[in-house]
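This briefing covers strand pairing, helix packing and salt bridges. Please keep the sequence and the model open while reading.

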Amino acid sequence: MTSAALSLIVPVRGTGPNLEYFLGTLATQTLSVDTECIFVVAGDPALQGKVAARVGVHGIQAEVISSASVDIAIARREGLAHATGDWVTFPNARDGLGEGYVAAIRSAVDAYGDEADVFAVPSVAIGRSTATNPAREPSLTRLDEALIGLPSDVSRLVFRRRPVPASGTALGSYADVLLILDLLETPPKKLRVIEGARYLRRPMPSTDPQTDFIRRAGENYLAFLDDVAGRVEPDMSSGSSWRHRLAAREFFRLVEFENATTKRATTLAGEMGERFRAEPRGLLLLFDEDLLARVGAETAFDERRDILLGLRGQGGVSPVAHIVNVDVDAGLVELRHSRWEAVPDETVAIDGEAITPAHGKTRVLEAFGIPVLNQRIIWVPATGRLLMSVADTAVTIALADGRTPPEKADAARLSALQRRGARKRTGAHVREQSLAARLTRGQKPLRRARATWLSRAAAVRVLAHMPVFGRQFRDAWLLMDRADMARDNAEHMYRWLREHHPEVNAWFVLRSDSPDFARLKSEGFRMVEYGSLRHQILLNNTKQYLSSHVGIDVSRPIFDRYLLRDAPWTFTFLQHGVIHNDLSLWLNRQKLRLFIASTHQEYAGLAGDGSPYVFTDREVRLTGLPRFDKLRRIADANPVDERRTIVIAPTWRNGLFQPAERTGQLAQAEARIP
């Protein structure tokens, strides 16, 4: 077979360190004379010369062109118009290429190009092991038979070159999913995975120009659906094709983004939202329930699938309720059940005897500014066989990953099953994650050992259970406000604990360079320096974790993200004020055992029916803030006619302060403030 020419089309947005890293990895590749490199500078023609200069410094023979659009997908399409190779691939200049990347692709297309329509390269995060198994034959997948099928990351796909339309999209822009659909013809496709190469990827940004453009206006959303639907065959009688699955996954991605960002797409509210709901357009009409189940997670708990079914006009209730959380101490399990129309509350029985849920609420889920379904959340005892029905119709109870729970299982066993299932689900897409599993199998045993029991995290765990530390921190209560600041509810709560419950093994965590550290230490606070070895050992022994803030740096410090995958503590969110807007997109992702509320309205907004929060009266407590108790004690100590102090609390008025230089640092007041 004659060697096939290969074109690398590389979109570029800047000349910073990411580009230098990519060029460095490209310069190590074996680039034969019939392998061409085309760099496309997106959105800034002035950078064309600078990019060409950097490419030349690395000794790479390449063509550098510019695109008037900042859209990476358009840059790829314009680069494709200049390409001459029989095969094309589109690595991103923000990423990198593993050792022997190009040679492995050339070898694969030479050997299997006659039978494969597209190749995929496994990816690995930059800085991780890039071990490969070149001897393993590229695996063959028929896309119409695969559970997930084609990866949606165009950067690590290799296509047979064919022309794509230069314009004519209803969207007025372009997108990677459209490029994939344009490059692959309609008949069933065969995908081969190239085991001898690794694509080195950086973490994906929270958003990108393509998504931003779609979310900018309701017309863009509707046009995007039309663009994708126009490339997907509408006949569902023969079953869902790889095109249907790819299109469905793209819409899943948009729904997931909407549910993971506080910058919601309000452009589909009001009249535009009603149009979107009433006229789901071509793409949503192509989705059937079976397709959404397979693309989502089959029978597993997946809110995205239920949201899409709601947008599609689904009625009735879900046939499955999922156990999504387990409280071993209380012997309770949390069930969530989706309902697309108003129905009576559920009937729950244990071993045939009807029970009343210990806690419950009805949560409202929205998508694109539209309420699309109600989610019933209940906590029930895990003491026997659970049975559930809604409107006299039996509802199957499953674990979060779709498995059937044992008929006789207590909370401890159910919790163990949930954790085991969560560890198996390292990502949303089983097929793509299997590539990572193959990568792990290619590592040497010693390297795998260093990543587990020989790691620093494992050493800290050993230290944490030694008698000297075990006695000091056993059953500890860890309290902290911000990493660099106290003066909030955790400080006041610590002071109250030490005064009224000295038997509690309480510790306060704070950075040693905070101006509050010395103040609290002189007052007698038992201080632990944030980020220190003692902090890590304390975390391993912590029973209760209380903070006025929540987030990865507080509730699960970054150096312990993997060390404490199964945290030994329960977390209490003391809050640092009264919630004045919808924070459900952020707070719903946190593992909160207790959630402090200060007013009846706030409590109802968090735990009541119709709210967007996942919390019930099990988690939310109406107690007021510890900081308020301090003010009340000061007031009670001074008769009204003798009070001469005015309290000023300019909460949330960030405009009064200069920006902090780093996260957690105290902001400085502007000079104009007396």
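Three strands make up an open sheet in the order 5-11-7, and their pairing is mixed. Strands (E, at least two residues) and helices (H or I, at least four residues) are DSSP runs numbered from the N terminus, and two strands pair if DSSP finds at least two bridges between them. The model is predicted: local features need pLDDT of at least 70 and side-chain atom pairs count only at pLDDT 80 or more, while totals for chains, interfaces and linings use all residues. Residues are numbered from 1 along each chain as its sequence is written, and side-chain values use heavy atoms, with hydrogens and water left out.

- Strand 7 pairs with strand 11 (residues 199-201) in the parallel sense, over 3 bridges.
- In this pairing, S123 stands opposite Y199 of strand 11.

- An open sheet of 8 strands has the order 15-14-18-19-12-13-17-16, with mixed pairing.
- Its edge strands are strand 15 (353-355) and strand 16 (359-367), each of which pairs on one side only.
- On average, neighbouring strands of this sheet are turned by 35 degrees against each other, direction ignored.
- Strand 16 and strand 17 (residues 370-381) run antiparallel and are joined by 9 bridges.
- The bridge partner of A367 is I370 in strand 17.
- Helix 12 (residues 303-312) packs on the sheet and touches strand 12 (320-327), strand 13 (332-339), strand 16 and strand 17; contact means heavy atoms within 4.5 Å.
- The direction of helix 12 makes about 140 degrees with that of strand 17; angles run from 0 to 180 degrees between N-to-C directions, and axes are lines fitted to C-alpha atoms, for helices over the stretch in contact.

**Helix 7 and helix 8**

- The axes of helix 7 (residues 218-229) and helix 8 (residues 242-258) come within 10 Å and cross at roughly 160 degrees.
- The two helices are therefore roughly antiparallel to each other; angles over 145 degrees count as such, those under 35 as roughly parallel, 65 to 115 as roughly perpendicular and the rest as oblique.
- Y221, F224, L225 and V228 of helix 7 meet A247, E250, F251, L254 and E258 of helix 8.
- This contact has 7 nonpolar, no polar and 2 charged residues; Ala, Val, Leu, Ile, Met, Phe, Trp, Tyr, Cys and Pro count as nonpolar, Asp, Glu, Lys and Arg as charged, and the others, Gly among them, as polar.

- The axes of helix 8 and helix 12 come within 10 Å and cross at roughly 105 degrees, which makes helix 8 roughly perpendicular to helix 12.
- F251, F252, V255 and E256 of helix 8 make this contact with R304, R305, I307, L308 and L311 of helix 12.
- By class, the residues of the contact of helix 8 with helix 12 are 6 nonpolar, no polar and 3 charged.
- Helix 5 (residues 176-183) packs with helix 8 at about 175 degrees, their axes being 11 Å apart, and helix 5 is thus roughly antiparallel to helix 8.
- Helix 5 contributes V177, I180 and L181 to the contact, and helix 8 contributes W242, R243, L246 and E250.
- The contact of helix 5 with helix 8 has 5 nonpolar, no polar and 2 charged residues.

**Salt bridges**

- The whole structure has 27 salt bridges, each a side-chain nitrogen of Lys or Arg within 4 Å of a carboxyl oxygen of Asp or Glu.
- One of them joins R54 to E20, with the closest N and O atoms 2.8 Å apart.
- This pair links distant parts of the chain, 34 residues apart: R54 is in helix 2 (residues 48-57) and E20 in helix 1 (residues 17-27).
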